[in-house]
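Load the model in your viewer and get your selection tool ready. The tour goes stop by stop.

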Amino acid sequence: MILELRDVCKNYTQGKEEVPVLKNVNLQVHQGDYIAIMGPSGSGKTTLMNIIGCLDQPSSGTYLLKEKNVGGMKDNELADIRNRHIGFVFQNFYLLPKMSALDNVALPLLYAGVKLKERRDRAQKALEAVGLGDRTNFRPNQLSGGQCQRVAIARAIVGNPELLLADEPTGALDTAAGVQVMEIFQSLSEQGMTILMITHEPAVGRCAHKLYRILDGCLQADADETGDDPLRKATAGGMAETLFERFHQRYQEHSEKPEEGEANEEA
């Protein structure tokens, strides 16, 4: 098991009042899982992502990452976990504007103490994996939004993390770029990457293999697609139907193509 949350709660103080944001959240993520957590703004999904990503601590409950209790760890210990075990993909990319795509991708390896040649070799391979092997020397302002997000994905996977966290990875993209990003996630999942994605787009969420919904700080497994579910109604809408249909159309077409050897045999 990669991680487990047991009755995790998060409260914030507003004046003299304690405001609950997460309420007794329970979640298990196993090696190779591809999970989406979907919810509207203010539902607690970003707070949950921050806790899972070791950017914040729960008010109560237990968070186990690789069977280690994250609660009570010092800041430097949490930073080490983030750098060595978790890859992050954010909606707004967070690329350094004066650095090339290659150097942006190599940055986590610098913090991990990897030597220059190996850093650059691994960054090059990561960029090639997301289809940007010919954009290594481009700066963010020379790239489209979709290309910037692919650079961010390359940066997230360059350290071979055990868990990839994606927070609204298509939120700042047009439909075509969003499809490309979801195709990359599908490919990473097929290679065994464990992915946990936060989204408010129903079709993006349904690209994952497991779907959870969060509303008012409560997390639950997805209800029946045809059910009269208030959580489903609260998270409905957006560009997602087009994205979902286009992604699955492309994936189906790719899956139905015969391998080169099979094609020659048929000929």
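**Stop 1: helix 3 against helix 4**

Select A101, L102, D103, V105, A106, L109 and L110 in helix 3, then R119, R120, R122, A123, Q124, A126 and L127 in helix 4; these two sets meet. Contact here means heavy atoms within 4.5 Å. By class, this contact has nine nonpolar, one polar and four charged residues. Ala, Val, Leu, Ile, Met, Phe, Trp, Tyr, Cys and Pro count as nonpolar, Asp, Glu, Lys and Arg as charged, and the others, Gly among them, as polar.

The model is predicted: local features need pLDDT of at least 70 and side-chain atom pairs pLDDT 80 or more, while totals for chains, interfaces and linings use all residues. Residues are numbered from 1 along each chain as its sequence is written, and side-chain values use heavy atoms, without hydrogens or water. Helices (H or I, at least four residues) and strands (E, at least two) are DSSP runs, numbered from the N terminus.

Now draw the axes. Those of helix 3 and helix 4 come within 8 Å and cross at roughly 120°. Helix 3 is therefore oblique to helix 4. Axes are lines fitted to C-alpha atoms, for helices over the stretch in contact, and angles run from 0 to 180 degrees between N-to-C directions. Under 35 degrees counts as roughly parallel, over 145 as roughly antiparallel, 65 to 115 as roughly perpendicular and the rest as oblique. The crossing of the two helices is right-handed: the near helix is turned clockwise from the far one by less than a right angle.

**Stop 2: helix 3 against helix 5**

Helix 3 passes helix 5 in a right-handed crossing. Select A101, N104, V105 and P108 of helix 3 with V151, A154 and R155 of helix 5 to show the contact. Five of its residues are nonpolar, one is polar and one is charged.

**Stop 3**

Keep helix 3 and color by accessibility. Eight of its 11 residues are buried, meaning under 20% relative accessible area with a 1.4 Å probe, protein chains only. Their cover includes helix 2 (75–85), helix 4 (116–129) and helix 5. Zoom in on N104, in helix 3. Is N104 buried or exposed? N104 counts as buried, at 2% relative accessibility. Beyond its neighbours within four places in sequence, N104 contacts L95, L96, M99, P140, V151 and R155. Then step to G113, which follows helix 3 and has a positive phi, near 85°.

**Stop 4: the largest nonpolar core**

A nonpolar core is a set of buried Ala, Val, Leu, Ile, Met, Phe, Trp, Tyr and Cys residues joined through side-chain atoms within 4.5 Å. Select L164, F185, L188 and M197. Of the 42 residues in the largest core, these touch the most other members. Helix 5 gives the largest share, seven residues. Center on L164: its contacts include G87, V89, F185, L188 and L196.

**Stop 5: D33**

Go to the loop between strand 2 (17–29) and strand 3, where D33 lies. D33 is buried, with a relative accessible area of 10%. Leaving aside neighbours within four places in sequence, D33 touches Q28, M193, T194, I195 and K210.

**Last stop: the whole chain**

Zoom out. The chain has 10 helices and 10 strands. Of its 267 residues, 46% count as buried.

Note on methods
Buried means under 20% relative accessible area, exposed over 50%, partly exposed in between (1.4 Å probe, protein chains only).
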